[in-house]
Amino acid sequence: MANTTIKLTLLLSILSLISAHAATQCHQKLEKFTRFHFYVQDILEGPNATVWEVGHAERTPNSPSYFGIVRVIDNLMTAKPDYYSRKVGRAQGLLAFTDLQEMAVTSNINFYLTGGKYDGSTVCIVGRIPLAGDFAKEIPIVGGTGAFRMARGYALLRTYSFDHTINYGVLEYTLNVYYVEEHLNSVV
């Protein structure tokens, strides 16, 4: 009986190793890197506004940092700062003013790419963006869809220009994206 148990345990161990080896042969993952550079057209007011306030706290009007304001965005992404340059996608997401002391938003933005080899794919950023200062803001890339499943990396954001008279801004983004390109091999 003990001899049979040892043989069965040994057989199960061998089958487990064969199965693990076959799985790694079947599904190879290759990490890739790409960098995107584009501009986001941020229209805060008017009939064509792409940033809408959808909520705020009762105490928000008394807050020096706009704490409690929640906005949704659906902004045009362009290849150049000019609104009429080549369209490359949409920046869609949610911004919430979440700092009691200073102007800062917590963002959840999906960069939806339209056209080219990444058509239909998204890259997602989530993080804190301080609004004061002329320096580049860094936001983590936490995922994506399509070609960018399991994406990671970071985005750099700069305000390219802002017209206070019409509340229209152009934001410059550089996305440094690591992602997994999957290849399925058939196992015979």
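**A tour of rings and pockets**

Select Lys137 and Phe135: the charged end of Lys137 sits over the Phe135 ring, 4.7 Å from its centre (a charge sits over a ring if NZ of Lys or CZ of Arg is within 6 Å of the ring centre and within 35 degrees of the ring normal). This is a predicted model, in which local features need pLDDT of at least 70 and side-chain atom pairs count only at pLDDT 80 or more, while totals for chains, interfaces and linings use all residues. Residues are numbered from 1 along each chain as its sequence is written, and side-chain values use heavy atoms, with hydrogens and water left out.

Next, select Lys87 and Tyr83. Lys87 lies over the face of Tyr83, 5.3 Å from the ring centre.

Now show the aromatic side chains; the structure holds 12 aromatic pairs (rings of Phe, Tyr and Trp, its six-membered ring, with centres within 6.5 Å; planes under 30 degrees apart count as stacked, over 60 as edge-to-face and the rest as tilted). Phe38 and Tyr173 are stacked, at 5.7 Å centre to centre and 20° between the planes. This pair links strand β1, which holds Phe38, to strand β9, which holds Tyr173, 135 residues apart (strands are DSSP runs of E, at least two residues, numbered from the N terminus). Both Phe38 and Tyr173 are buried (under 20% relative accessible area; exposed is over 50%, partly exposed in between, with a 1.4 Å probe and protein chains only).

Move to Tyr118 and Phe148. Their ring centres are 4.7 Å apart and their planes at 40°, so the pair is tilted. Tyr118 is in the loop between β5 and β6, and Phe148 in the loop between β7 (137–145) and β8. Tyr118 counts as buried at 13% relative accessibility, as does Phe148 at 0%.

Then display the largest pocket, with about 660 Å³ of space (a pocket is an open set of points on a 1 Å grid over the protein atoms alone, where a 1.4 Å probe fits, with protein on both sides within 12 Å along at least five of seven lines; lining residues have an atom within 4 Å of a point). Of its 27 lining residues, Asp42, Leu44, Leu131, Phe162 and Leu171 are the closest to the centre. β8 gives the largest share of this lining, 4 residues.

Finish at the second largest pocket, with about 250 Å³ of space. Of the 13 residues lining it, Phe36, Arg86, Val88, Leu113 and Gly115 are the closest to its centre.

Conventions. Grid points are joined across faces, edges and corners, and a volume is the space filled by probe spheres set on the points.
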